[in-house]
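Dear colleague,

I am handing over the structure we spoke about, and below it you will find what turned up when I went through it. Please read the notes with the structure open beside you.

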Amino acid sequence: MPILDVRNIEKHFGETRVLKDISFSLEQGQALAIIGSSGSGKTTLLRCLNFLERPDRGVISVKGSVIFDAEDPATQQESEVRRKRLHFGLVFQSFNLFPQYTALRNVTLAKELLARERPEFKARKKEILEEIEQEGRELLKKMGLEDRAGHYPNQLSGGQQQRVAIARALALQPDILCFDEPTSALDPELTGEVLKVIRTLAEQKTTMIIVTHEMAFARDVADQLIFMDGGVIVEQGEPHQVINHPREERTRQFLSRYLQE
């Protein structure tokens, strides 16, 4: 059974149909890379999975349970959106860190806010907060940032900020970690340090969806590759097959343009 099953997702903005009958599945421990030109629907798809946008049609299931069905109002209650978002960690193009908080606080804040809703929080407040802080420090260490825990975002490089954002996404232990062009806001010399972290996560069998323009990285790291164009999945399969031997003309044209850039 796949950890994620997406069936017939569509999304409209006014008269424009941005996603058209999107279907795919993802197994536990796999990395899925999504490529395509700007405006192809990649980011909108991630936003639909994370319920920052609501699909107009289709079904999303996680671990065999339907968490969204466009034809079932019971799966669309606003009170359930935050809980459903916990299935997906999302790392944005821009780092979106809170400038007034340290790196450590950025990582731990969401988990602390959730912990405060637990019935035992008042009785175990000190213990719970210490546990959350220690977990945050461990995540920063995993990102190579253990000595930056007390630094504020403006004291960090772009690559360091993005690694803090990855640690923040991991803090809530999502079923699927999603990246939306995680290196697009970085200078070329900082791109490698972020890709190295994502590569390590893939080696550790973290389940991931990565929207990326880093073609070599997608080819070498992902288990599956999807090429999107005009809001549809044009081609999907193993990365080496799609990149080296594309079946569809639109895929060939995109790869040809990309390689010429």
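**The hairpin of strands 9 and 10**

In the hairpin formed by strand 9 and strand 10, where two residues lie between the strands, glycine 230 takes a positive phi near 60°. Please keep in mind, here and in everything that follows, that this is a predicted model.

Is aspartate 180 buried or exposed? Its relative accessibility is 7%, and because buried means under 20%, aspartate 180 counts as buried. This residue is found in strand 7, which covers residues 176–180. Leaving aside residues up to four places away in sequence, aspartate 180 touches Thr43, Leu46, Val91, Phe92, Gln93 and Val211. With one of these, threonine 43, the side chain of aspartate 180 makes a polar contact of 3.0 Å. Glutamate 131, by contrast, is 49 residues from aspartate 180 in sequence and 30 Å from it in space, taken from C-alpha to C-alpha.

Threonine 44 belongs to helix 1 (residues 42–49), and with a relative accessible area of 12% it is buried as well. The residues that threonine 44 touches, again not counting those up to four places away in sequence, are Lys11, Phe13, Val18 and Leu19.

**The cavity**

Rolling a probe the size of a water molecule over the atoms shows where empty space is left. In this structure there is one cavity of 30 Å³ or more, and the space in the largest cavity comes to about 40 Å³. Which residues line the largest cavity? They are Val107, Thr108, Lys111, Ile132, Glu135, Gly136, Leu139 and Ala171. Helix 3 (103–115) and helix 4 (125–142) are the elements that give two or more residues to this lining, and helix 4 gives the most, with four residues. By kind, the lining divides into four nonpolar, two polar and two charged residues.

With best wishes

Terms used
Residues numbered from 1 in each chain as written. Predicted model: local features only at pLDDT ≥ 70, side-chain atom pairs only at ≥ 80, totals over all residues. Heavy atoms only, no water. 1 Å grid on protein atoms, 1.4 Å probe; cavity = no way out; pocket = protein on both sides within 12 Å on 5 of 7 lines; lining within 4 Å. Points joined across faces, edges and corners; volume = space filled by probe spheres on them. Nonpolar A, V, L, I, M, F, W, Y, C, P; charged D, E, K, R; others polar. Buried < 20%, exposed > 50% of the residue type's maximum accessible area, 1.4 Å probe, protein only. Contact = heavy atoms within 4.5 Å. Polar contact = N/O pair within 3.5 Å; in protein donor to acceptor, adjacent residues only side chain to side chain. Pairing = 2+ DSSP bridges.
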